Amino acid sequence: MSSSGALQPPGSAEPTAPGSGPGAPAATRPRRWLRRLLWSVLAAVIALALVFFAGGGWYFAGQIRSGALAVEPGAAMPAYNDVRVVAVSPGRVQLRAIGGQPALAKPELYGIAWQGGIGRLGASATVSGGVVTRPLTVTSGSAPRAGQLAGLDRSYFLGDPGTALGIPVQDVVVQGPLGPLPAWYFPGRGSTFVIGVHGQNGTRRELLRVVDVVYHMGLPALAVTYRNDLGTARDPSGYLRYGQAEWRDVEAAVRWSLSHGARRVVLVGQSMGGGVVAAFLAHSPLAPKVTRVVLDAPMLDLRSVVDYGASHRRLPVVGGSMPAPLVWTAEQIASVRFGVDWSATDYLGSASWLKVPALVTHGGDDPTVPISVSIRLKQLKPSLVTFERFPGAGHVESWNIDRARYTSVLESFLAPVAP
């Protein structure tokens, strides 16, 4: 009796599979060779993909560090490396951009500084052969000379803040949890203080555009600094934290205001400062003292900002846009390498922190923070958020592109708390 499992007699050959062995048709051997080739190609593709995503992810995680996390405090005055003066005539200047300077040709108000003077550029601009002609008002020092280098600044009000605005100002110090935080205090009649929080690696002079409006409404204003700013202590992490730590410095500024006559406060957050304001409202026991919030191009979701920036980047060498899986990989690596907590910097996952009316402004041409962030906040809190889009404005440049409209919108929003 035989079965498939029976032993073969000694010396007998094992059963030969059909189509194999010495007498197998020659066509089966190429088929096996083709299968091995396909598996080898597949393995090579997988290996290349792993190298691409691991290496590319590591590289772009470094870009996240340098572009979003690195501490590079803004200087007191802009560096003279944006434009070169071509010619100067009474009330006008001709400038040529050094590198990419999209603001130069836009109809936006801008500050300008050169060796020996500072000034302001009017909103009109004409372009001819790469040379941009703009109105120029010299506010300090002597007029620029042809050939000089100059720096542009969206802050507009450059130099001493009291002189630039033509209003009284006091240099004060807020005692923060890591040490002293210099601030500018602009006294006013009312008991509702406006506290301004600038953006990523910015300076408090960015807030002077808002101070110019609220001071003439009678509201006292405080333009603050916080950790990682020039002249302040570094955060122990060594990085910008997008509100996770900086909110405690804003809390110190609120406490200072309450001890100097404030009964309520209005918080103004620009760019990253918007995330700092959101974190303060979410965590501070002093949050109930806030009666209104003003946000300009707020960074309320760091991951959305990184994704938005990645969508405008091209892959090195090979070109093409960055694939979403590579961006995701870079973000995961950044979490491990630099301690980024993406969920903690997402203030749109839950907008429960916003309990008071908020004015949100955003430029239609913002290259840094997607306008969808502000639109999302409006959708989450439709009864509290007044959203104003400024077509053509860049990042935190709504005031610059339409000063009259921005002033009117802000005055209307703050009228109920003005003295």
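Modeller: A residue is buried when its relative accessible area is under 20%, exposed over 50%, and partly exposed in between, with a 1.4 Å probe and protein chains only. The model is predicted, so local features need pLDDT of at least 70 and side-chain atom pairs pLDDT 80 or more, while totals for chains, interfaces and linings use all residues. Residues are numbered from 1 along each chain as its sequence is written, and side-chain values use heavy atoms, without hydrogens and water.

Biologist: Which residues of α3 are buried?

Modeller: Helix α3 covers residues 208–215; helices (H or I, at least four residues) and strands (E, at least two) are DSSP runs, numbered from the N terminus. Because 7 of its 8 residues are buried, α3 is largely enclosed by the rest of the structure. The buried residues of α3 are L208, R209, V210, V211, D212, V213 and V214.

Biologist: What is the volume of the largest cavity?

Modeller: The structure holds 2 cavities of 30 Å³ or more. A volume here is the space filled by probe spheres set on the grid points, which are joined across faces, edges and corners. For the largest cavity, the volume is about 50 Å³.

Biologist: Which helix gives the largest share of the lining of the second largest cavity?

Modeller: The second largest cavity holds about 30 Å³ of space. V174, L181, V224, T225, Y226, D249, V250 and A253 form its lining. The largest share, 3 residues, comes from helix α4 (residues 247–259).

Biologist: How many residues apart are D365 and K106?

Modeller: A salt bridge is a side-chain nitrogen of Lys or Arg within 4 Å of a carboxyl oxygen of Asp or Glu. The partly exposed D365 has a relative accessible area of 44%, and its side chain meets that of K106 in a salt bridge of 3.8 Å, N to O. D365 lies in the loop between β14 (358–363) and α8 (371–380), and K106 in the loop between β2 and β3, so this pair links distant parts of the chain, with a separation of 259 residues.

Biologist: Are D249 and R227 buried or exposed?

Modeller: D249 and R227 form a salt bridge, with the closest N and O atoms 2.8 Å apart. Because D249 lies in helix α4 and R227 in the loop between β11 and α4, the pair ties together parts that are 22 residues apart in sequence. Both D249 and R227 are buried.

Biologist: Which residues do salt bridges that share partners join into one network?

Modeller: The search of the whole structure finds 11 salt bridges. One of them pairs R255 with E251 at 3.7 Å, N to O; being 4 residues apart in helix α4, they are separated by about one helical turn, and R255 is partly exposed at 46% relative accessibility, whereas E251 is buried at 10%. The network joined by salt bridges with shared partners consists of R227, D235, R241 and D249.

Technical notes:
1 Å grid on protein atoms, 1.4 Å probe; cavity = no way out; pocket = protein on both sides within 12 Å on 5 of 7 lines; lining within 4 Å.
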